[in-house]
Amino acid sequence: MERIYLDKNARSILNISAKTLWYDRPRYVFLEFCVEDSRDVKVDLDDYKVILSCKNADGIEIYNEIQFYARVNSKDSQNKRSGRSITLFARKWKDKVPWPRLTKEDFKPAWLSVDFDNWRDWEGDEEVEAAMVEQYAELMQKVTKKDPPPAMDDLDVSM
């Protein structure tokens with residue numbers, strides 16, 4: 001979302017949106033605002049939206065506003081600034097409910113992308129995990145099964 005404002009001297013000031021990557025997990029939604037050497041960082045998070053404002057290394061103002069797909073718990077969420085980005089860990093209000101998209105609207109801004117390096121389809125994880133546990137239990141039964149020892153009467157013990 002690019003916005004243009006007029007200051008008191010009638011000069012235009014351009015606010016640019018940061019490239020933003022996101023991915024979904026059972027308890028959190030993770031957002032990474034890609035701004036190198038950010039300063040004056042302000043992250044306003046409430047249960048329904050996040051607003052990021054900062055300046056990049058060149059002094060250009062960055063502004064992102066995202067209305068979330070579903071409610072988050074803003075009190076149990078946090079953000080972290082590094083030299084390359086600002087990361088937000090937004091705690092979902094309802095755990096284990098997948099988000100098909102990040103935004104409330106069925107519209108994806110050009111600056112918003114899925115972080116496929118971190119994306120995982122976790123919806124079926126419980127079934128896969130249960131199947132793995134069952135397979136492990138069967139394997140353990142086979143290993144611990146006590147069969148009679150093999151007969152050794154056909155061994156030649158003379159040397």
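## Reading a surface patch, a sheet and a loop

Mentor: M152, L155 and V157 make up a nonpolar surface patch, with about 360 Å² of accessible area together. This is a predicted model: local features need pLDDT of at least 70, side-chain atom pairs need 80 or more, and totals for chains, interfaces and linings use all residues. Numbering runs from 1 along each chain as its sequence is written, and side-chain values use heavy atoms, without hydrogens or water.

Trainee: What counts as a nonpolar patch?

Mentor: Its residues have over 30% relative accessible area and no salt bridge, and the nonpolar side chains are joined within 5 Å. Areas come from the Shrake-Rupley method with a 1.4 Å probe. A salt bridge is a Lys or Arg side-chain nitrogen within 4 Å of an Asp or Glu carboxyl oxygen.

Trainee: Is L155 buried or exposed?

Mentor: Buried means under 20% relative accessible area, exposed over 50%, partly exposed in between. L155 counts as exposed because its relative accessibility is 52%.

Trainee: And T103, buried or exposed?

Mentor: T103 is at 6%, so it counts as buried. It is found in the loop between β9 (86–92) and β10 (112–114). Strands are DSSP runs of E, at least two residues.

Trainee: How do the strands of a sheet pair?

Mentor: Through backbone hydrogen bonds, either parallel or antiparallel. Two strands pair if DSSP finds at least two bridges between them. Here, an open sheet of three strands has the order β5-β6-β7, paired antiparallel. β5 (39–45) and β7 (61–67) are the edge strands, each pairing on one side only.

Trainee: How many bridges join β6 to β7?

Mentor: Seven, with β6 spanning residues 49–55. S53 has Y63 in β7 as its bridge partner.

Methods:
Patch = residues over 30% accessible without salt bridge, like charges linked within 9 Å, V, L, I, M, F, W, Y side chains within 5 Å. Buried < 20%, exposed > 50% of the residue type's maximum accessible area, 1.4 Å probe, protein only. Helix = DSSP H or I, 4+ residues; strand = E, 2+ residues; numbered from the N terminus.
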